[in-house]
Amino acid sequence: MLSWEHTPSLIPMQRERAWVEIDLSALAHNVQQLQMRLAAGTELMAVVKADAYGHGAVAIAQSALQAGATWLGVATIPEGIELREAGIQAPILLLGATNTAEQVQAIARWRLQPTLCTPRQALVFSETAGKLTLRQPLPVHLKLDTGMSRLGAPWQDAAAFGQLVQGLPHLHIASAYSHLATADEPDETVMRLQQRRFEAAIAQMRQAGVNPPKLHLANSAATLADSALHYDRVRVGLAMYGLYPAPHLAQGIDLRPVMQIKARVTQVKAIAPGTGVSYGYRFIADRDMTIATVAIGYADGVPRNLSNRMTGLVRGQHVPQIGAITMDQMMLDVSTIPNLQEGEVVTLLGQDGQARISADDWAETLGTISWEILCSFKHRLPRLTINQPQPARSAQQPTARPSS
Ligand SMILES: *Cc1c(COP(=O)(O)O)cnc(C)c1O
(Lines give C-alpha, C1' and ligand atoms only; values in the text may rest on other atoms or scores of the structure.)
Protein backbone atom coordinates (compact mmCIF):
# COMPACT_ATOMS: atom_id res chain seq x y z
CA MET A 1 0.00 0.00 0.00
CA LEU A 2 1.23 3.47 -0.79
CA SER A 3 1.98 5.31 2.39
CA TRP A 4 3.02 8.94 2.29
CA GLU A 5 4.91 8.64 5.57
CA HIS A 6 7.15 5.94 4.14
CA THR A 7 7.63 7.37 0.67
CA PRO A 8 9.85 10.44 1.11
CA SER A 9 10.23 10.98 -2.64
CA LEU A 10 6.51 11.80 -2.81
CA ILE A 11 6.61 14.49 -0.13
CA PRO A 12 6.85 17.45 -2.55
CA MET A 13 3.56 16.22 -4.07
CA GLN A 14 1.66 16.09 -0.82
CA ARG A 15 -0.50 19.11 -1.54
CA GLU A 16 -1.02 18.48 -5.23
CA ARG A 17 -4.30 16.63 -5.14
CA ALA A 18 -6.04 16.18 -1.81
CA TRP A 19 -4.89 15.94 1.79
CA VAL A 20 -5.81 15.78 5.46
CA GLU A 21 -4.59 18.84 7.36
CA ILE A 22 -3.92 18.33 11.06
CA ASP A 23 -3.75 21.45 13.24
CA LEU A 24 -1.53 20.59 16.19
CA SER A 25 -2.17 23.93 17.90
CA ALA A 26 -5.89 23.05 17.96
CA LEU A 27 -4.98 19.70 19.50
CA ALA A 28 -2.85 21.35 22.20
CA HIS A 29 -5.66 23.83 22.86
CA ASN A 30 -8.19 21.01 23.27
CA VAL A 31 -5.92 19.07 25.63
CA GLN A 32 -5.47 22.20 27.74
CA GLN A 33 -9.22 22.90 27.74
CA LEU A 34 -9.89 19.36 28.90
CA GLN A 35 -7.23 19.51 31.59
CA MET A 36 -8.79 22.65 33.04
CA ARG A 37 -11.97 20.62 33.57
CA LEU A 38 -10.36 17.61 35.22
CA ALA A 39 -10.83 16.86 38.88
CA ALA A 40 -7.66 17.49 40.92
CA GLY A 41 -5.16 14.64 40.50
CA THR A 42 -6.88 13.17 37.44
CA GLU A 43 -4.58 12.24 34.55
CA LEU A 44 -5.46 12.50 30.88
CA MET A 45 -5.10 9.44 28.67
CA ALA A 46 -5.03 10.48 25.01
CA VAL A 47 -6.91 7.80 23.08
CA VAL A 48 -5.02 7.45 19.79
CA LYS A 49 -6.46 4.16 18.54
CA ALA A 50 -7.31 3.77 14.84
CA ASP A 51 -4.40 6.02 13.81
CA ALA A 52 -5.64 8.68 16.24
CA TYR A 53 -9.16 8.60 14.75
CA GLY A 54 -7.59 9.07 11.32
CA HIS A 55 -5.44 12.06 12.33
CA GLY A 56 -2.08 10.24 12.37
CA ALA A 57 -1.15 8.48 15.63
CA VAL A 58 2.48 9.49 16.10
CA ALA A 59 2.08 13.25 15.60
CA ILE A 60 -1.07 13.33 17.71
CA ALA A 61 0.45 11.25 20.52
CA GLN A 62 3.58 13.40 20.66
CA SER A 63 1.57 16.63 20.70
CA ALA A 64 -0.92 15.37 23.29
CA LEU A 65 1.92 14.32 25.59
CA GLN A 66 3.64 17.64 25.11
CA ALA A 67 0.37 19.40 26.00
CA GLY A 68 0.06 17.46 29.25
CA ALA A 69 -1.48 14.04 28.58
CA THR A 70 0.39 11.34 30.52
CA TRP A 71 -1.05 8.12 29.06
CA LEU A 72 -1.87 6.82 25.60
CA GLY A 73 -4.65 4.41 24.69
CA VAL A 74 -4.62 2.21 21.57
CA ALA A 75 -6.82 -0.66 20.40
CA THR A 76 -4.26 -3.07 18.94
CA ILE A 77 -0.69 -4.24 19.43
CA PRO A 78 0.54 -2.86 16.06
CA GLU A 79 -0.88 0.53 17.02
CA GLY A 80 1.17 0.41 20.20
CA ILE A 81 4.32 -0.73 18.39
CA GLU A 82 4.01 2.16 15.92
CA LEU A 83 4.19 4.61 18.85
CA ARG A 84 7.16 2.81 20.46
CA GLU A 85 9.03 2.68 17.14
CA ALA A 86 8.59 6.45 16.92
CA GLY A 87 10.42 6.70 20.25
CA ILE A 88 7.40 7.45 22.44
CA GLN A 89 8.07 6.37 26.04
CA ALA A 90 4.74 7.15 27.76
CA PRO A 91 2.70 4.26 29.18
CA ILE A 92 0.38 2.75 26.57
CA LEU A 93 -2.84 0.93 27.48
CA LEU A 94 -4.18 -1.65 25.04
CA LEU A 95 -7.93 -1.06 25.15
CA GLY A 96 -8.70 -4.04 22.93
CA ALA A 97 -8.54 -7.68 23.89
CA THR A 98 -5.40 -9.79 23.53
CA ASN A 99 -5.56 -13.50 24.18
CA THR A 100 -2.58 -15.49 22.92
CA ALA A 101 0.92 -16.23 24.17
CA GLU A 102 2.38 -14.60 21.03
CA GLN A 103 0.50 -11.43 21.85
CA VAL A 104 1.82 -11.46 25.42
CA GLN A 105 5.37 -11.71 24.08
CA ALA A 106 4.85 -8.68 21.85
CA ILE A 107 3.20 -6.78 24.71
CA ALA A 108 6.16 -7.40 27.00
CA ARG A 109 8.74 -6.72 24.32
CA TRP A 110 7.18 -3.35 23.43
CA ARG A 111 6.20 -2.41 26.99
CA LEU A 112 2.49 -2.19 26.24
CA GLN A 113 -0.04 -2.63 29.03
CA PRO A 114 -2.85 -5.11 28.35
CA THR A 115 -6.48 -5.21 29.41
CA LEU A 116 -7.56 -8.38 31.22
CA CYS A 117 -11.16 -9.54 30.97
CA THR A 118 -11.33 -13.28 31.62
CA PRO A 119 -9.75 -15.88 33.94
CA ARG A 120 -8.47 -17.89 30.96
CA GLN A 121 -6.73 -14.84 29.58
CA ALA A 122 -5.18 -14.11 33.00
CA LEU A 123 -3.76 -17.65 33.14
CA VAL A 124 -2.22 -17.37 29.65
CA PHE A 125 -0.72 -14.00 30.54
CA SER A 126 0.77 -15.20 33.81
CA GLU A 127 2.20 -18.38 32.31
CA THR A 128 3.69 -16.59 29.29
CA ALA A 129 5.06 -13.73 31.38
CA GLY A 130 6.74 -16.36 33.60
CA LYS A 131 8.65 -17.75 30.63
CA LEU A 132 9.89 -14.34 29.56
CA THR A 133 12.08 -13.62 32.61
CA LEU A 134 10.82 -10.06 32.94
CA ARG A 135 12.61 -7.68 35.25
CA GLN A 136 9.26 -6.59 36.70
CA PRO A 137 5.85 -8.24 36.74
CA LEU A 138 3.70 -7.38 33.72
CA PRO A 139 1.31 -4.52 34.51
CA VAL A 140 -2.28 -5.49 33.67
CA HIS A 141 -5.53 -3.54 33.76
CA LEU A 142 -8.70 -5.26 34.93
CA LYS A 143 -11.71 -4.49 32.78
CA LEU A 144 -15.16 -4.78 34.32
CA ASP A 145 -18.37 -4.96 32.31
CA THR A 146 -20.83 -2.71 34.12
CA GLY A 147 -23.38 -2.55 31.32
CA MET A 148 -21.67 -2.03 27.96
CA SER A 149 -21.81 -5.79 27.28
CA ARG A 150 -18.59 -5.63 25.29
CA LEU A 151 -15.27 -6.44 27.00
CA GLY A 152 -14.80 -7.07 30.66
CA ALA A 153 -15.48 -9.48 33.50
CA PRO A 154 -19.08 -9.21 34.76
CA TRP A 155 -19.01 -6.55 37.49
CA GLN A 156 -20.63 -8.97 39.97
CA ASP A 157 -17.55 -11.23 39.60
CA ALA A 158 -15.05 -8.43 40.25
CA ALA A 159 -13.85 -9.75 43.62
CA ALA A 160 -13.22 -13.30 42.40
CA PHE A 161 -11.59 -12.07 39.20
CA GLY A 162 -9.38 -9.63 41.09
CA GLN A 163 -8.33 -12.32 43.58
CA LEU A 164 -7.49 -14.73 40.78
CA VAL A 165 -5.27 -12.19 39.00
CA GLN A 166 -3.68 -11.01 42.23
CA GLY A 167 -2.84 -14.62 43.09
CA LEU A 168 -1.08 -15.28 39.79
CA PRO A 169 2.68 -14.80 39.54
CA HIS A 170 4.34 -12.39 37.08
CA LEU A 171 1.33 -10.04 36.87
CA HIS A 172 0.76 -6.74 38.63
CA ILE A 173 -2.69 -5.12 38.75
CA ALA A 174 -2.11 -1.54 37.59
CA SER A 175 -5.72 -0.36 37.37
CA ALA A 176 -9.37 -1.38 37.20
CA TYR A 177 -11.70 0.19 34.70
CA SER A 178 -14.99 0.06 32.92
CA HIS A 179 -16.60 1.72 29.88
CA LEU A 180 -19.87 3.60 29.62
CA ALA A 181 -22.51 2.83 27.00
CA THR A 182 -24.64 5.98 27.04
CA ALA A 183 -22.50 8.81 28.43
CA ASP A 184 -23.35 11.06 25.46
CA GLU A 185 -27.11 10.91 26.05
CA PRO A 186 -28.94 13.63 27.99
CA ASP A 187 -30.73 10.96 30.02
CA GLU A 188 -28.14 9.87 32.61
CA THR A 189 -30.04 6.87 34.00
CA VAL A 190 -27.89 4.13 32.48
CA MET A 191 -24.64 6.03 33.05
CA ARG A 192 -25.45 6.43 36.76
CA LEU A 193 -26.39 2.76 37.03
CA GLN A 194 -23.03 1.83 35.49
CA GLN A 195 -21.27 4.20 37.87
CA ARG A 196 -22.98 2.57 40.89
CA ARG A 197 -22.06 -0.90 39.60
CA PHE A 198 -18.44 0.21 39.12
CA GLU A 199 -18.29 1.57 42.66
CA ALA A 200 -19.90 -1.59 44.05
CA ALA A 201 -17.46 -3.81 42.13
CA ILE A 202 -14.45 -1.86 43.41
CA ALA A 203 -15.79 -2.02 46.98
CA GLN A 204 -16.18 -5.80 46.68
CA MET A 205 -12.65 -6.13 45.34
CA ARG A 206 -11.25 -4.10 48.22
CA GLN A 207 -13.15 -6.22 50.74
CA ALA A 208 -11.55 -9.25 49.13
CA GLY A 209 -8.12 -7.70 49.60
CA VAL A 210 -7.60 -6.54 46.02
CA ASN A 211 -6.82 -2.85 45.77
CA PRO A 212 -6.31 -1.59 42.22
CA PRO A 213 -4.07 1.47 42.57
CA LYS A 214 -5.91 3.42 39.83
CA LEU A 215 -9.51 3.58 38.62
CA HIS A 216 -10.95 4.94 35.37
CA LEU A 217 -14.36 5.07 33.76
CA ALA A 218 -14.80 8.19 31.62
CA ASN A 219 -14.66 8.62 27.85
CA SER A 220 -14.98 12.11 26.32
CA ALA A 221 -18.69 12.39 27.06
CA ALA A 222 -18.36 11.39 30.72
CA THR A 223 -15.33 13.66 31.10
CA LEU A 224 -17.44 16.61 29.96
CA ALA A 225 -20.58 15.48 31.83
CA ASP A 226 -19.39 15.29 35.44
CA SER A 227 -16.07 15.43 37.29
CA ALA A 228 -17.43 12.78 39.68
CA LEU A 229 -16.78 10.34 36.82
CA HIS A 230 -13.10 11.28 36.42
CA TYR A 231 -11.51 9.07 39.13
CA ASP A 232 -7.72 8.77 38.60
CA ARG A 233 -7.67 8.98 34.82
CA VAL A 234 -9.94 9.89 31.92
CA ARG A 235 -9.71 8.25 28.50
CA VAL A 236 -10.42 10.96 25.97
CA GLY A 237 -10.65 10.53 22.22
CA LEU A 238 -13.27 12.54 20.36
CA ALA A 239 -13.11 15.74 22.43
CA MET A 240 -9.34 15.93 22.00
CA TYR A 241 -9.93 15.95 18.24
CA GLY A 242 -12.18 18.97 18.72
CA LEU A 243 -15.66 17.52 18.42
CA TYR A 244 -18.40 17.46 21.03
CA PRO A 245 -19.81 14.02 21.86
CA ALA A 246 -23.29 15.60 22.00
CA PRO A 247 -24.71 19.14 21.74
CA HIS A 248 -25.72 19.23 25.43
CA LEU A 249 -22.07 18.63 26.41
CA ALA A 250 -20.78 21.73 24.59
CA GLN A 251 -21.32 24.13 27.50
CA GLY A 252 -18.34 25.79 29.10
CA ILE A 253 -15.62 24.27 26.95
CA ASP A 254 -14.16 25.53 23.71
CA LEU A 255 -13.03 22.72 21.43
CA ARG A 256 -11.49 23.27 17.99
CA PRO A 257 -11.56 20.69 15.21
CA VAL A 258 -8.07 19.36 14.53
CA MET A 259 -8.76 17.80 11.11
CA GLN A 260 -9.50 19.53 7.83
CA ILE A 261 -9.98 17.86 4.44
CA LYS A 262 -8.80 19.82 1.41
CA ALA A 263 -8.54 19.14 -2.32
CA ARG A 264 -7.64 20.98 -5.50
CA VAL A 265 -9.86 22.11 -8.35
CA THR A 266 -8.51 20.38 -11.47
CA GLN A 267 -10.88 21.69 -14.13
CA VAL A 268 -13.55 24.40 -14.46
CA LYS A 269 -16.15 24.34 -17.23
CA ALA A 270 -19.43 25.88 -18.34
CA ILE A 271 -22.36 23.54 -18.93
CA ALA A 272 -25.67 24.24 -20.68
CA PRO A 273 -29.15 23.51 -19.31
CA GLY A 274 -30.02 19.83 -19.68
CA THR A 275 -26.42 18.64 -19.27
CA GLY A 276 -26.07 15.59 -17.04
CA VAL A 277 -23.27 15.43 -14.44
CA SER A 278 -21.38 12.28 -13.36
CA TYR A 279 -22.37 8.59 -13.31
CA GLY A 280 -26.06 7.92 -13.63
CA TYR A 281 -26.86 11.57 -14.33
CA ARG A 282 -28.07 12.02 -10.77
CA PHE A 283 -27.74 15.75 -11.41
CA ILE A 284 -28.94 17.53 -14.55
CA ALA A 285 -28.33 21.25 -15.00
CA ASP A 286 -31.54 23.29 -15.16
CA ARG A 287 -29.70 26.46 -16.26
CA ASP A 288 -26.33 27.64 -17.50
CA MET A 289 -23.83 26.64 -14.84
CA THR A 290 -20.14 26.70 -14.08
CA ILE A 291 -18.90 23.49 -12.51
CA ALA A 292 -15.56 22.51 -11.02
CA THR A 293 -14.02 19.05 -10.92
CA VAL A 294 -12.23 18.40 -7.63
CA ALA A 295 -9.58 15.74 -7.05
CA ILE A 296 -11.10 13.77 -4.18
CA GLY A 297 -13.61 10.93 -4.13
CA TYR A 298 -14.93 7.96 -2.25
CA ALA A 299 -11.64 6.06 -2.50
CA ASP A 300 -10.18 8.87 -0.39
CA GLY A 301 -12.93 8.39 2.18
CA VAL A 302 -15.59 10.91 1.22
CA PRO A 303 -18.74 8.80 1.63
CA ARG A 304 -20.50 8.29 -1.73
CA ASN A 305 -23.80 8.63 0.11
CA LEU A 306 -23.07 12.35 0.40
CA SER A 307 -23.59 12.73 -3.38
CA ASN A 308 -25.81 15.77 -4.01
CA ARG A 309 -26.05 16.24 -0.20
CA MET A 310 -22.86 18.09 0.73
CA THR A 311 -21.13 21.37 0.06
CA GLY A 312 -17.53 22.42 -0.33
CA LEU A 313 -15.98 25.71 0.74
CA VAL A 314 -14.43 27.81 -1.99
CA ARG A 315 -13.07 31.28 -1.20
CA GLY A 316 -15.02 31.24 2.06
CA GLN A 317 -18.36 30.35 0.44
CA HIS A 318 -20.45 27.18 0.52
CA VAL A 319 -20.92 25.68 -2.95
CA PRO A 320 -23.08 22.59 -3.60
CA GLN A 321 -21.58 19.28 -4.61
CA ILE A 322 -23.46 17.91 -7.64
CA GLY A 323 -23.86 14.48 -9.21
CA ALA A 324 -22.53 11.16 -7.98
CA ILE A 325 -19.24 11.32 -6.07
CA THR A 326 -16.83 9.13 -8.04
CA MET A 327 -13.87 7.09 -6.88
CA ASP A 328 -11.25 9.84 -7.24
CA GLN A 329 -13.17 12.99 -8.13
CA MET A 330 -16.35 14.94 -7.59
CA MET A 331 -18.01 17.99 -9.10
CA LEU A 332 -19.12 21.24 -7.49
CA ASP A 333 -21.53 23.90 -8.72
CA VAL A 334 -19.29 26.97 -8.66
CA SER A 335 -21.63 29.26 -10.60
CA THR A 336 -21.49 31.80 -7.74
CA ILE A 337 -17.67 32.00 -7.79
CA PRO A 338 -16.28 34.42 -10.37
CA ASN A 339 -13.39 33.21 -12.47
CA LEU A 340 -12.44 30.15 -10.40
CA GLN A 341 -9.03 28.77 -11.41
CA GLU A 342 -7.58 25.31 -11.70
CA GLY A 343 -5.44 24.61 -8.65
CA GLU A 344 -7.57 26.55 -6.18
CA VAL A 345 -8.19 24.77 -2.90
CA VAL A 346 -11.59 23.45 -1.81
CA THR A 347 -12.22 22.74 1.87
CA LEU A 348 -14.52 19.76 2.29
CA LEU A 349 -14.28 19.60 6.08
CA GLY A 350 -13.00 22.55 8.04
CA GLN A 351 -13.05 26.31 8.06
CA ASP A 352 -12.58 28.80 5.23
CA GLY A 353 -13.11 32.42 6.26
CA GLN A 354 -16.36 32.54 8.21
CA ALA A 355 -17.73 29.37 6.64
CA ARG A 356 -17.32 26.02 8.29
CA ILE A 357 -18.22 22.37 7.65
CA SER A 358 -17.88 19.96 10.53
CA ALA A 359 -17.78 16.17 10.78
CA ASP A 360 -21.03 16.60 12.72
CA ASP A 361 -22.67 18.00 9.56
CA TRP A 362 -21.68 14.95 7.53
CA ALA A 363 -22.67 12.60 10.35
CA GLU A 364 -26.11 14.19 10.56
CA THR A 365 -26.69 13.92 6.80
CA LEU A 366 -25.58 10.28 6.81
CA GLY A 367 -27.31 9.20 10.01
CA THR A 368 -24.05 8.22 11.68
CA ILE A 369 -21.67 9.64 14.30
CA SER A 370 -18.73 12.01 13.96
CA TRP A 371 -16.34 9.31 15.27
CA GLU A 372 -17.00 7.29 12.11
CA ILE A 373 -16.51 10.30 9.82
CA LEU A 374 -13.08 11.09 11.33
CA CYS A 375 -11.98 7.47 10.92
CA SER A 376 -13.10 7.19 7.30
CA PHE A 377 -10.25 8.99 5.49
CA LYS A 378 -7.90 6.64 3.71
CA HIS A 379 -4.12 6.61 3.75
CA ARG A 380 -4.20 7.59 0.13
CA LEU A 381 -4.52 11.11 1.58
CA PRO A 382 -1.31 12.42 3.13
CA ARG A 383 -1.62 13.71 6.70
CA LEU A 384 -0.03 17.15 6.86
CA THR A 385 0.58 18.71 10.24
CA ILE A 386 0.34 22.47 10.64
CA ASN A 387 0.97 24.85 13.57
CA GLN A 388 3.36 22.49 15.31
CA PRO A 389 4.22 24.05 18.68
CA GLN A 390 7.90 24.96 18.98
CA PRO A 391 9.73 22.46 21.19
CA ALA A 392 10.60 23.87 24.59
CA ARG A 393 14.07 25.41 24.63
CA SER A 394 16.48 22.93 26.12
CA ALA A 395 18.28 23.83 29.33
CA GLN A 396 21.71 23.75 27.70
CA GLN A 397 20.81 26.32 25.11
CA PRO A 398 21.75 29.86 26.13
CA THR A 399 18.64 32.05 26.30
CA ALA A 400 20.47 35.00 24.79
CA ARG A 401 23.47 34.76 22.55
CA PRO A 402 26.05 37.43 22.11
CA SER A 403 25.78 38.82 18.60
CA SER A 404 28.78 38.09 16.46
C1 LIG B 1 -12.39 4.57 22.22
C2 LIG B 1 -12.45 4.48 23.68
C3 LIG B 1 -12.44 5.63 24.48
C4 LIG B 1 -12.51 7.04 23.91
O5 LIG B 1 -13.85 7.35 23.56
P6 LIG B 1 -14.26 8.82 23.07
O7 LIG B 1 -15.75 8.78 23.09
O8 LIG B 1 -13.74 9.01 21.70
O9 LIG B 1 -13.69 9.78 24.04
C10 LIG B 1 -12.37 5.47 25.85
N11 LIG B 1 -12.36 4.24 26.40
C12 LIG B 1 -12.40 3.10 25.67
C13 LIG B 1 -12.39 1.78 26.35
C14 LIG B 1 -12.45 3.19 24.29
O15 LIG B 1 -12.51 2.06 23.57
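UniProt, in an unreviewed entry, lists Lys 49 under "modified residue: N6-(pyridoxal phosphate)lysine". UniProt positions follow the numbering used here, feature names are shortened, and annotations may be inferred rather than shown by experiment. This is a predicted model: local features need pLDDT of at least 70, side-chain atom pairs count only at pLDDT 80 or more, and totals for chains, interfaces and linings use all residues. Residues are numbered from 1 along each chain as its sequence is written, and side-chain values use heavy atoms, with hydrogens and water left out.

**Lys 49**
- Lys 49 sits in helix α2, residues 49–54. Helices (H or I, at least four residues) and strands (E, at least two) are DSSP runs, numbered from the N terminus.
- Lys 49 counts as partly exposed because its relative accessibility is 28%. Buried means under 20% relative accessible area, exposed over 50%, and partly exposed in between (1.4 Å probe, protein chains only).
- Setting aside neighbours within four places in sequence, Lys 49 is in contact with Gly 73, Val 74, Ala 75, Glu 79 and Leu 95. Contact means heavy atoms within 4.5 Å.

**The ligand**
- There are 13 residues around the ligand, and Lys 49, Tyr 53, Ser 220, Arg 235 and Leu 238 come nearest. A residue is near a molecule if one of its heavy atoms lies within 4 Å of it.
- A side-chain N or O atom of Lys 49 is 2.6 Å from an oxygen atom of the ligand.
- Backbone atoms take part too. An N or O atom in the backbone of Gly 237 lies 2.9 Å from a ligand oxygen, and one in the backbone of Leu 238 also lies 2.9 Å from a ligand oxygen.
- On its own, the ligand has 390 Å² of accessible area, and the protein covers 93% of that. Accessible areas come from the Shrake-Rupley method with a 1.4 Å probe.

**Cysteines**
- The structure holds zero disulfides (pairs of cysteine sulfur atoms within 2.5 Å).
- Cys 117 has a relative accessible area of 7%, so Cys 117 is buried.
- Cys 375 is at 40%, so Cys 375 counts as partly exposed.

**Thr 293**
- Thr 293 belongs to strand β14, residues 289–294.
- Thr 293 is buried because its relative accessible area is 12%.
- Leaving out neighbours within four places in sequence, its contacts include Arg 264, Thr 266 and Met 330.

**Leu 366**
- Leu 366 lies in helix α10, residues 359–366.
- Leu 366 and Leu 306 are 60 residues apart along the chain, yet their C-alpha atoms are separated by 7.2 Å.
- At 24% relative accessibility, Leu 366 is partly exposed.

Note on methods
A polar contact is a pair of N or O atoms within 3.5 Å; within protein, one must be able to donate a hydrogen and the other to accept it, and residues adjacent in sequence count only if both atoms are side-chain atoms.
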